[in-house]
Amino acid sequence: MQGGLCGAICKFSLIPFEGIFDVRQHALLQSLPVHSGAINSIVVNDVDGYFITGSSEGDIKVLDLASDTELASFTATHSKARMFRSEGGVRDMYILPGGKLFSCGGDGCIKSRMVNTVN
């Protein structure tokens, strides 16, 4: 899985025709627009079946791993990047078993929250 500067997620698979990116033909079959700004961090919780993205806009989104539907959204968690200060927004994230999410931002803050999803 990879996040791009345009705010889209691309999933990759090394098994032919099982992912959204066909490795044998080097062709992107589908991308998932998630954020309006660049995606700086992605964490996957494969046990509970979701992944979390953090953007340069400072937003965090929780998406279902199988269907790519949005499960939760946390806006303005960290202050967003500015034109001459590109280190803003969500810089990194870490999730503990049980759904405790830690995020650090370019604003110098480390924040924590529980990610409650209904699967």
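The largest nonpolar core has 12 residues in all: V43, Y50, I52, I60, V62, A72, F74, V90, M93, I95, L101 and V115. By nonpolar core I mean a set of buried Ala, Val, Leu, Ile, Met, Phe, Trp, Tyr and Cys residues joined through side-chain atoms within 4.5 Å. Buried is under 20% relative accessible area, exposed is over 50%, and partly exposed is in between, with a 1.4 Å probe and protein chains only. Two or more residues of this core come from each of β7 (50-55), β8 (60-64), β9 (70-74) and β10 (90-96). β10 gives the largest share, 3 residues. Strands here are DSSP runs of E, at least two residues, and helices are runs of H or I, at least four residues; both are numbered from the N terminus.

A word on the source. This is a predicted model, where local features need pLDDT of at least 70 and side-chain atom pairs count only at pLDDT 80 or more, while totals for chains, interfaces and linings use all residues. Residues are numbered from 1 along each chain as its sequence is written, and side-chain values use heavy atoms, with hydrogens and water left out.

Overall, the protein comes to 0 helices and 12 strands. Of its 119 residues, 40% count as buried. Contact means heavy atoms within 4.5 Å. Among contacts in the protein with a separation of 6 or more, 37% are between residues 24 or more positions apart.

S103 is buried, at 3% relative accessible area. Leaving out residues up to four places away in sequence, S103 touches I60, T77, H78, D92, M93, C109, I110 and K111. T77 is 26 residues from S103 along the chain, and their C-alpha atoms are separated by 8.7 Å.

Now the sheet. There is an open sheet of 4 strands in the order β6-β7-β8-β9, with antiparallel pairing. From one strand to the next, the twist averages 15 degrees. That angle is taken between N-to-C directions, on a scale from 0 to 180 degrees, with axes as lines fitted to C-alpha atoms (for helices, over the stretch in contact). Two strands pair if DSSP finds at least two bridges between them.

Taking the pairs in turn, β7 and β8 are antiparallel over 5 bridges. In this pairing I52 stands opposite V62 in β8, and both residues belong to the core. β8 and β9 also run antiparallel, joined by 4 bridges, and here L63 stands opposite E70 in β9.

How many salt bridges does the structure hold? It holds 1, a salt bridge being a side-chain nitrogen of Lys or Arg within 4 Å of a carboxyl oxygen of Asp or Glu. The partners are E70 and K61, with the closest N and O atoms 3.8 Å apart. E70 is partly exposed at 46% relative accessible area, whereas K61 is buried at 15%.

Two residues to check in the backbone. The hairpin of β8 and β9 has 5 residues between the strands, and D68 there takes a positive phi near 65 degrees. D68 counts as buried, at 15% relative accessibility. A76 also has a positive phi, near 50 degrees, and is a residue other than glycine. A76 is in the loop between β9 and β10. Is A76 buried or exposed? A76 is exposed, with a relative accessible area of 60%.

Last, the cysteines. A disulfide is a pair of cysteine sulfur atoms within 2.5 Å, and a search of the whole structure finds 0 of them. C104 is partly exposed at 28% relative accessibility, and C109 is partly exposed at 33% relative accessible area. C109 is also among the residues that S103 touches.

That is what I have; questions are welcome.
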